[in-house]
Amino acid sequence: MSEARLKEQAAKRDADDELRAKREEFVLDDTVYLDGNSLGALPGHVQERVADVISRQWGKLRIRSWDESGWWTAPERIGDRIAPLVGAAPGQIVVGDSTSVNVFKALVAAVRMVGDPGEGRDEIVVDATTFPTDGYIAESAARMTGCRLVPVAPGDVRDAVGPRTAVVLLNHADYRTGRLHDLPGLTAAVHDAGALVVWDLCHTAGALPVGLDAHGVDLAVGCTYKYLNGGPGSPAYLYVRADLQARFDSPLPGWNSHAEPFGMRPEFEAADGALRGRVGTPDILSMLALDAALDVWDGVSVDAVRAKSLALTDFFVECVRAYVPEGRVEVLTPAVHAERGSQVALRCHDAGDVMRRLVEQGVVGDFRAPDVLRFGFTPLYVGFADVERAARVLAATLGDSVS
């Protein structure tokens, strides 16, 4: 298809986009920002809200804000705001700490819930293609619980789980390729083996329906600074299915997860419900910035977000194939919608240098060693004209690199 036709198609799709008004709620410029799978753009009203937290809640009310401004209940209150975005009922998500810390809590607690490793279930199965920190944490959790770590590709999980499996840690989407893994099917397979599953939702929450409750997921973790736009270093979250909460034995019992946090008793007694996932004093400034950022989701259907995500990624691949000379890039992201997250990964020679030049020309994606260009599509603010421009600049950049 010609450049003129693709531009015309992009303009029509943007005009018909039911989410197009959401773009105005973000702080954007002329840059084509396709790195929301690493750090989401800033919702414009967050600055004013954070200024109020600093100047009034902290500056004037000071310690009174733990009660009067709702600081104390922020972890579970904000968790309940995230819940519908990942298909969870209220009371199952607590916000706080990092993804890595929450992976540790979930894995060790899962091993404890299935029984003593010495009695049979002594294996932690981990996604061999996982983001490195998940693997590091899983290895440490295995050492600490007396389990053996079993790294396998997600496609091999069904054959790898069995009577010795305690827990399986999986990524919902591959951070390099954008491949979406079968959460319902793999969860069922793990349960059939009598084990528990922990899902890492970092690259899917806020981009597509997850269905934690509907699919019986046991535990899940995720960050909030990607598609949820919570800001750099914004706190992560931990999901514990309601019927498991009474058995959730956190390896990090802190005063904030105590049944009587101000009782100052030397012995630990776990709080009820999702509060067991809390540890120490909440990071109020970043947590309330996240709370404000979540306002952009008011009235937004996750199904509509998914539909636009698939349309954007389809259109990007179409434009890349129309503009980029054959053989210059290889599309790594699956074409099948059920197997695709909200990013497109391209294998490219000299990918690091190519991405640097793209950024210089106002198209921001990122690079993963050794040869992958990653482009993340956040449907709330990315449009079809952005997609067409990105593919066109990519083609020009690759053409220049040949000459």
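How many bridges join β2 to strand β8? There are 3, and the two strands, with β8 covering residues 237-240, run antiparallel.

## What you're looking at

This is a predicted model, where local features need pLDDT of at least 70 and side-chain atom pairs count only at pLDDT 80 or more, while totals for chains, interfaces and linings use all residues. Numbering starts from 1 along each chain as its sequence is written, and side-chain values use heavy atoms, with hydrogens and water left out.

## The sheet

Picture an open sheet of 7 strands, ordered β2-β8-β7-β6-β5-β3-β4, with mixed pairing. Strands here are DSSP runs of E, at least two residues, and helices are runs of H or I, at least four residues, numbered from the N terminus; two strands pair if DSSP finds at least two bridges between them. β2 (93-95) and β4 (148-152) each have a single partner strand, so one side of each lacks a neighbour in the sheet.

## Helices across it

Helix α6 (residues 132-145) lies across β3 (123-127), β4, β5 (165-171) and β6 (196-200), at about 175° to β3. Helix α8 (residues 183-192) lies across β5 and β6, at about 155° to β6. Axes are lines fitted to C-alpha atoms, for helices over the stretch in contact (heavy atoms within 4.5 Å), and angles run from 0 to 180 degrees between N-to-C directions.

## Leu201

Setting aside neighbours within four places in sequence, Leu201 is in contact with Val86, His172, Leu183, Val210, Leu212, Ala220, Val221, Gly222 and Tyr237.
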